[in-house]
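Let's take a tour of this structure, one stop at a time. Keep the 3D view open as you read.

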Amino acid sequence: MEKRLTRYIWTHTRASQLWILLVVAVSMIPYFLSFDLPKQIVNGPIQGQGFEQPGATQTFMDISFSLPWLGEVALFSGFDLTRTQTLFALSMVFLMLVIINGLFKFYINTYKGRLGERLLRRIRFQLVDRILRFPPNQFKRMKGAEVSSMIKDEVEPLGGFTGDAFVQPALLGGQALTALIFILMQNLWLGLVAAVMVGIQAAVIPRMRRRLLVLGRERQITARELAGRVSEIVDGIGTIHAYDTSNYERADIASRLGRIFKIRYDLYQWKFLVKFLNNFLAQLTPFLFYCIGGYLALQGRLDIGQLIAVISAYKDLPGPLKELIDWDQARQDVQVKYTQVVEQFSAETTIDPAVQAIAIRDAGTLPVPLAAVNLSLADDSGAKLLERVSVQINPGETVAIVGGAAGGGDMLAEAFGRLTWPESGKVTAGGHDLLELPESVTGRGISYVSSDAYFFYGSLRDNLLYGLKHAPLKDAEYQGSSAAHRKWEIQEARLAGNPDYDVQADWIDYQAADATEARDLFTPVLSVLDTVQLSKDILDLALRSTISPDDHPGLAEGIVEMRHALRGELEEAGLSSLVVSFEPGAYNTEATVGENLLFGTAIGPALTGKAIGKNAYFRSVVGRSGLDRILFDMGYSIAENAVELFADLPPDHPFFQQLTFMSADDIPDYQLLLQRLKGRGFDAASEDDRSAIIQLSARYIEPRHRFGLLTEELMAKIVEVRGQFYDGMPPELRGAIERYDPEHFSASASLMDNILFGRISHKHTDGSKRIRSVVTSLLNTLGLIERVIDIGLDFNLGAGGRRLTAVQRQKLNLARALVRRSDYYIFNRPLPGLDHRLQDEIVRDVLKLVRRGDRDPAVIWVLSNTSLSHLFDRVLVFDKGFLAEDGTADALVNNNGIFKELVSS
Amino acid sequence: MGMETVMLLKDEVQMLRRVPLFSNVEPGKLKLLAFTSDRVSYGVGEALFHQGDIGDAAYVVLAGKADILVDSSTGPVKIAEVETNSIVGEIAILCDVSRTATVQTTTALEALRIRKDHFLKLLTDFPEITIEIMRVLADRLSHTTSELTEARSRARSAD
């Protein structure tokens, strides 16, 4: 990128700048015409000049001018108008000029605005493009938030300046020069005085502005660092809380803000000082005119008329001059910003754009074999991490890399993955330098996975298929206005030097995933998810989510059918006691008393949460049946039990987890409540006390809490009241609750709840685990599993994938690579968070999976668990940056070398 | 499901009192222990936990029997039996190691499942339980030591 902003602007907007200059020049004609017109109107028709005789007329629109050699040229001889007619005609001309001037202004402003916005788009894109082409080590020193604040905020004023970059100095300079020449023409000496003063202004003010520039640069850098620190606080919030360093962070931010304040305040002071000086210098000139010119006039050496003419001519000079100086200030300001940003975005080496050129059709295959040739790698400080390693990985080979912590094997894997660039030597593919091959070849031929996974904000599906999105393969179809819009997008992108690839197109390379289109993508994806043992997690995500039946036609019906199938399945497996179903006429012992009474999910505000206790209809039903008294007595016993059990425990005791119907803080309140009531019963209790007690009953589950309070009689009563509640329900409440209905899908409950339509018994520790496996196999047999997993794939991962656990992220990271067809898979300790048994299973399954179909890729796996080496054709042992041993696992064991030591330890 | 199948807290307290480990703990505390534990039941041949799992709970067997099995190259080997009213699975949560053996029921079994954090809290709150646990562990150690000595002398005589 050019070092100077004006050059950059000129290079990219030359034609537009010239055009707008021309338009501005043309716009001057009506502008100056409109200056003269008011005088004509006042002097002519209003004051009567030229209309001295009654009935006198004047020629209007006489367009003629005299040219040298040609003499008088008359284009239109005009027509005669009376005084009133002339008044209206001239006023009309005035109105027309106003409109023309306005239109010119409108056109010029929009044109300049568009010019600026296009340039801003170009700069922003170029900056991001540079980021995409930076060498990997550049990112060790970059803070994301600082870079994004540069691209977002710091270049923004550049757009505003672009339109004025050339027009403004041309226009204002012209105006100032005209005024100065006019003065010079009136009186040479006074003119020279004015010129000298302008010269002083032009020399002194920019010099004083230098400090402003320094301060401006500081302001920019400190503000950018502030952005970086704020994002560090967000990213490191866990660490800050863990070490109680929040006040250190506060101090740091406060001191930064103090510095920024100081810089900005200095900036103001200087700015206004300069402004003051500038105004002073501008006013000094008329002072000299009055003082010296007046003296000379008194002496008789200067014509008074000339002096007045000079003074009146001078009033046109400071305006443009001031604006010109302001423009220069803006120019320097954006120049500083521009230089700053460009410096930040310059790197010694960047990836050649040709390496990243898009390959829409056939990218070509990766030349083989992959090899390190005399490869040395070093870290930022220059310490050697890998020394003069030469090794060749043949196609189809499976290679394990083992070694100690600083062995260097992981660095070799990074070099193969192009994450670390060689210090000396090189990595080659079929003899070509890997870094010079197009990324469309290396990025598809090689899949690299490490434990350091990054996920983009979006759904699980988007992230899983991310590695397939190399190029827009199938254009999106547009019709009508959207087609026109797409056309506009392409045109505008080209004008701003942006690529016009369509982000709405289908970018997924289905072939690379063993599919032909979106519909048959599921099977290969599922086998990958099974291999990394993630499908269960995704299924769980889906089962926990709620869906709208309208978005998934047919699924809701399938789920309802499945309820019956599940019953049968459980009975067959002798597990029918695992789930207690909801039955409209029966009490469900595994559900709370409240749930049994309501037998539905509250969906409106009238019956949700605390509101139900205040709902008049609900209270009348419960009160009429006398259930409120029974529940009160029951709640009283629960409170007694809870207080007896927990009164002595400190509030942070882990046992409180088990207390589901009240919190530790409630215990003292209930203690007081019990003392107040002293067993005097329902009638003596106040309204609030009653609801506090009855609340406890509502959350009671007999098999869980085991206080022995629920009798057959009471259960029957609750079911009876349930019936009354629904039978007599007023119409306005019908929308506020969704009743449990064995034949209907409930949109307010999760998929799992809809499938179970009941509660899992508390008697079995692994009840939910067992149910899950039954449900999974049933979903499989009913052919619903695809659709359910599909729902799980819609799960939004959150920022950086944080809504998944660390283990799930590692598995997804591995899956993302396995979905793609590659010639070389490089796994750099991809699963450190998993226990050994799981690692073992996944490594075996992955080695099997990558050979599916006709595939025979090479696999390079940096193992954290050396005992898995025997699963690979060949083992590379690294020690202290050197390749120490190379051979089959069996041969190396017999070698009595480092490998044997590693295996036996 | 009727009332008669639900075991009540007060019955559990009675059963807990018969467990030697808790015999010295006052009934109020036993009730608390029972309340905060999960009541679990197993059929014949089901596993309470598997060797290699992460230990998250200890079990007090209220009724029924189970075998303690250890994986070997020739398959699982039974090394001991769990009796009614005894505690099992406490090693994994005390030492933070994965399960050292598999416990598999030989009859229908009823147990109280005490979660790890609850169990540790119990030890700090009630020294009498801690002492009892130490006694159980020491007992097992002396048992193991004598078996080891026996095995060694057998191995030596076989040489």
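## The nonpolar cores

First, a term we need: a nonpolar core is a set of buried Ala, Val, Leu, Ile, Met, Phe, Trp, Tyr and Cys residues joined through C-beta atoms within 7 Å. Keep in mind that this is a predicted model. The largest nonpolar core here has 165 residues, and A:Ile401, A:Ala815 and A:Ile860 are the ones with the most contacts inside it. Which helix gives the most to this core? That's α21 of chain A (residues 627-646), with 11 residues. The core also draws at least three residues from each of two domains of chain A: domain 2 (370-455 + 820-904) and domain 3 (590-740). As background, nonpolar side chains tend to be buried together in soluble globular proteins.

Now zoom in on A:Ala815. If you skip its neighbours within four places in sequence, A:Ala815 is in contact with A:Leu464, A:Val528, A:Leu529, A:Val532 and A:Leu534. There is also a second, separate core of 41 residues, and A:Val24, A:Phe166, A:Leu171 and A:Met197 are among them.

Most residues other than glycine have a negative phi, and most peptide bonds are trans. With that in mind, look at the bond joining A:Val368 and A:Pro369: it's a cis peptide bond, with omega about -5 degrees. You'll find A:Pro369 in the loop between α10 (318-344) and β5 (370-378) of chain A.

Next come two residues that have a positive phi although neither is a glycine: A:Asn374, at about 50 degrees, and A:Arg829, at about 40 degrees. A:Asn374 lies in strand β5 of chain A, while A:Arg829 sits in the loop between β17 (824-828) and α31 (836-849) of chain A. Are they buried or exposed? A:Asn374 is exposed, because it has 12 other C-beta atoms within 10 Å. A:Arg829 is buried, because it has 20 other C-beta atoms within 10 Å.

## A sheet in chain B

Over in chain B, 4 strands make an open sheet in the order β2-β7-β4-β5, with antiparallel pairing.

For a closer look, follow β2 of chain B to its partner β7 (residues 102-105): they pair in the antiparallel sense over 2 bridges. B:Ala47 stands opposite B:Gln104 in β7 of chain B.

Conventions: Residues numbered from 1 in each chain as written. Chains lettered and ligands numbered in written order. Predicted model: local features only at pLDDT ≥ 70, side-chain atom pairs only at ≥ 80, totals over all residues. Domains from an automatic or database assignment. Contact = placed C-beta atoms within 7 Å. Pairing = 2+ DSSP bridges.
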